[in-house]
Amino acid sequence: MAVTILAVDDSASMRQMVSFTLKHAGYTVVEATDGVEALEYARSNAVNLVLTDVNMPRMDGITLVRELRQLDPYKFVPMLVLTTEAGQDKKMQGKQAGATGWLVKPFNPEKLLATIAKVL
Amino acid sequence: MTLDLEMEEIIKVFFEESFEGLDAMESGLLTLDATADRETINTIFRAAHSIKGGAGTFGFMEIAEFTHSVETLLDEMRNGQRAVSADAVQVLLQSVDVIREMTQSAQAKQPIVTVGADALSGELARILAQKGPIAAAPAAAGTAAAPPPVVAAGTAPPKPVPQAPINVALDSISGWRIEFVPDPTLFKTCNDPLRIFAELAGLGRLEVTAHVEQLPLLQALDPSHCYLSWSLVLHAAVEHSRIIEVFDWVETVSKISYEPVYVGPKPGESSAAGAGAVPVAPARPAPLAESAAAPVVTPAKAGSDAGSIRVATEKVDALINLVGELVITQSMLGRFAEKYDPEDLESLRRGLIQLARNTRELQESVMQIRMLPIGFSFNRFPRLVHDLSRKLGKKVELKLCGENTELDKTVLEKIGDPLVHLVRNALDHGMELPEKRLAAGKSETGTLELNAFHEGGSIIIEVKDDGAGLNKARILGKARERGLIEPDAQLTDDQIYNLIFVAGFSTADQVSDLSGRGVGMDVVRRNINDLGGTVQIFSSEGVGSTIRIRLPLTLAILEGQVLRVGKEIYVASLVSIIETVQPTREHLSSVAGRSELFKHRDSYLPIIRLHDLFDIEPDSRDISKGLLVVVESDGRRVSVLVDELLAQQQVVIKSLETNFKHVPGLAGATIHGDGTVALILDIPGLISNFLERQSGRIELAA
Amino acid sequence: MSMDIKPAGVAQAASGTEQYLSFLLGGEEYGVDIQKVQEIKGWDTVTRVPYSPPYVLGVINLRGSIVPVIDLRLRFGLEKVPHDATTVIIVVHVPGDRGERTVGMVVDAVADVYDVAGANILPPPEALGAVEKVFVRGLANQDGKMLILIDVDGLVISSVVGESQAAA
């Protein structure tokens, strides 16, 4: 049974890097370019983990997490936020929205895989 | 794909994205003023943020660091902590340039020069240090991108202070005692204490004691609530920060206390002495390896990639459909070829007509793929006009029209520089200073318009300004001064304006470094001619000028007039032919044996004997026995003597220069229906060379 | 008619030797590096190009490309002979600053393909007659006869690009 990860980032290069790293590690990856697309997908599909960037147009990552948590299948899906900031404010915001944890950018592929392994 | 190759591809995408982001930042910044809407500032911020993130991820640290300062300034603006000031916008625009340069270097695998970045960092720091005026509430446009911090329902948790690491000598402790009391809502964020404990256990022996006092009776139990808390003892002499890290994700929704477990003299339990301190440095993401310095290579212009074109999907779909139809037509014909039957001849004929149509449409479609909107060329002008008008102290509003007008990719690429020169010229020489404009009863802000539209088989591009117009007297004066015309020559307005295109001509009193050097306009015209186009000037003193460029839509196909001189066949571009006449003796005359003239309507046109020029044996040297083709280029008309006009047809232009070389008077070659080569005449070139040679100076049709 | 002269059948030259296609011109036998030969074709209608020296006959259509044709007899200062159905054009490609340049050379006849050992190649002598030393790589003693080895690159560039006669 494949482990599916939903990767959300408006930057194609970041998305591709994350996708490439995860696929090589054996995960199945679904990509979305922003929160709206991700939410659309999530309404009719379930995944094992959500990885999302914070700063995106239309719907940012924190809002996406908050919205996803309202969907029944997503109540207990781990969600990680990719952020360049690790300030307390952002951490709180993320937590309040329902994020499981975060990864601070820039990160390398090893860190990404190790972090994901922790929550899956 | 190997790991490296795939990464290379991804990094290429990063570069592409970054350049696009920089362009977006630039356009956004150009529209920014005090009342700029929040969405624009957010877009600019996000672009910078993405570039910073990507640069850091892919190892371009200089770019990441510099962009960080830019981002900080933008962040303050989008939060309303700082008002948008023209000063700040200017520095930000310059920052965009610097980031672009650094990215180009990175793309070319050259070392990134930080001189510009360092200088601007100073500027940015200066601005950031000044307490900027707090922005008035920016106009909210549609949905605001940055959400306000969410206030949790119920009691808002007090803002937690991050745990400061306790400093201990690692050889003085044997471990840590940890009290972990999570919020009941812990599970809502899918944080599993078991995972945390597992990670801790990876550092050393872990004792876990759960406190179940808060557990309600089964009926009242909400499985999504966390009722438990724990006391932990970790037998590992590690840095406090290492342990804090493990609790990173849950610390804002828990109460955690840490206590080192001391060995020896310090009071407190001590289990088996921990092993020798194993300093575990908190993992830090290793920066990706910098790409090795490669031999110096000029970085390619951002975004320019001669090898590939982005094509709209609909265009490709249309193409695929046409190919499908072509295949069907072909097979239909093929069937007939197999068994010939006289009755089928009619069907065969129809089939061939169909094939011809399919091929033509396919060809048009393929040419369409190479068409790109001229907006790609126009998009550099807002920035250019902004910077240039600032530099010159002039107020100019730029209007762009017809950005969607399409033209061939190659034509698009080559028209860029000439347009830039014309715009610079218009701003530098055409546009007056604000005071002068007011004094002349004009609005202080001048208008520069770039207009593009299709007309016939061409694309017309206009550069229009409402400036001072061309000063005929000054142009005439300079032309006389430089001996470019006879002192007493009578010139039409048109002819006067065209003087500015002559090499070495410039009426600028001081050669400004922008466009007054006089090497510009002749190159502009030559470049336009090389593209098979023409350029005209319309001007009115005090009112303004319009430069009108006409370009063929594609470079590769020409609507041609096939003509014959003696045994040789040539093709002339239909666009340059005005008409063809059979001359009678009365209309012919010659001037002092120097030039032969043909009286055409109200003017005398010089006659070019093509047979002479190309050393061909003509049918007859008697002009009245031949045909005169009246051609025009850049306002100059001449007549060309030929023996016969043949068909008018579309021809595919093939290069003479690839295997051979450029030949004066020829624009290329084409393959005739019978497989032989026909040469294509370069009408503008023929006219220029002929006229300049005739008199050694600029000859103008009287 | 055109014959692609490099089918799989042509054996690779042994190391230390180079393969040359030889052709006859005015009683002499010349050799061109076979790697530069694209094909051999028969006579084709040539379109004259103005301002060309007499030895540049003009251009032909070679499968959609415009290819110039040089008359080697005229280039080497020999007397002109008429071109007819037996005339042979050797099409060569040489490196140029815009990529490769394809050019045709009119010769009397094509002779053979030789493996010339590097050791057998002598430098061009001082006195060489009409053929400019610039185009001659050397002389080879092949099976008892003298083969004049041509530097195709130099020949083509000087003939096609080098000189251009200004308009009258």
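The model is predicted: local features need pLDDT of at least 70, side-chain atom pairs count only at pLDDT 80 or more, and totals for chains, interfaces and linings use all residues. Residues are numbered from 1 along each chain as its sequence is written, while chains are lettered from A and ligands numbered from 1 in the order in which they are written.

Let us begin with chain B. Its secondary structure comes to 18 helices and 22 strands; here helices (H or I, at least four residues) and strands (E, at least two) are DSSP runs, numbered from the N terminus. Chain B has 702 residues, of which 32% count as buried. A residue is called buried if 20 or more other C-beta atoms lie within 10 Å of its own, exposed if 12 or fewer, and partly exposed in between, with C-beta atoms placed from the backbone. How much of the contact in chain B joins residues 24 or more positions apart? Such pairs make up 71% of the contacts with a separation of 6 or more, where two residues are in contact if their C-beta atoms, placed from the backbone, lie within 7 Å.

Now look for the sheets of chain B. Four strands there form an open sheet in the order S2-S3-S1-S4, with antiparallel pairing; two strands pair if DSSP finds at least two bridges between them. At the edges are S2 (205–211) and S4 (254–262) of chain B, each pairing on one side only. From one strand to the next, the twist averages 15 degrees. Follow S1 (residues 173–182) of chain B and you will find 9 bridges to S4(B), in the antiparallel sense. To see one such pair, find B:Val181, whose bridge partner in S4(B) is B:Lys255. Helix H6 (residues 193–201) of chain B packs on this sheet and touches S1, S2 and S3 (229–235) of chain B. The direction of H6(B) makes about 155 degrees with that of S2(B). Axes are lines fitted to C-alpha atoms, for helices over the stretch in contact, and angles run from 0 to 180 degrees between N-to-C directions.

A further open sheet in chain B has 6 strands in the order S14-S18-S19-S17-S16-S15, and its pairing is mixed. S14 (577–581) and S15 (588–591) of chain B stand at the edges with a single partner strand each, so one side of each has no neighbour in the sheet. Neighbouring strands of this sheet are turned by 35 degrees against each other on average, direction ignored. Inside the order, S18 (residues 627–633) and S19 (residues 636–642) of chain B pair in the antiparallel sense over 7 bridges. B:Val630 stands opposite B:Ser639 in S19(B).

S21(B) pairs with S22 (residues 677–681) of chain B over 5 bridges in the antiparallel sense. One bridge joins B:Leu666 to B:Leu681 in S22(B).

Next, a pair of helices. Two packed helices are described by the angle between their axes and the distance between the axes. The axes of H4 (residues 86–107) and H5 (residues 115–129) of chain B come within 10 Å and cross at roughly 155 degrees. That makes H4(B) roughly antiparallel to H5(B); angles under 35 degrees count as roughly parallel, over 145 as roughly antiparallel, 65 to 115 as roughly perpendicular and the rest as oblique. Residues making the contact include B:Val91 and B:Val98 of H4(B) and B:Leu120 and B:Leu124 of H5(B). By class, the contact has 8 nonpolar, 3 polar and 2 charged residues. Ala, Val, Leu, Ile, Met, Phe, Trp, Tyr, Cys and Pro count as nonpolar, Asp, Glu, Lys and Arg as charged, and the others, Gly among them, as polar.

Finally, turn to the neighbours of chain B. Chain A gives 35 residues to its contact with chain B, and chain B gives 33. On the chain A side, H4(A) gives the most, with 7 residues. Chain C has 2 helices and 12 strands, and 34% of its 168 residues count as buried. Its contact with chain B takes 22 residues from chain C and 22 residues from chain B. The largest share of the chain C side, 4 residues, comes from S6(C).
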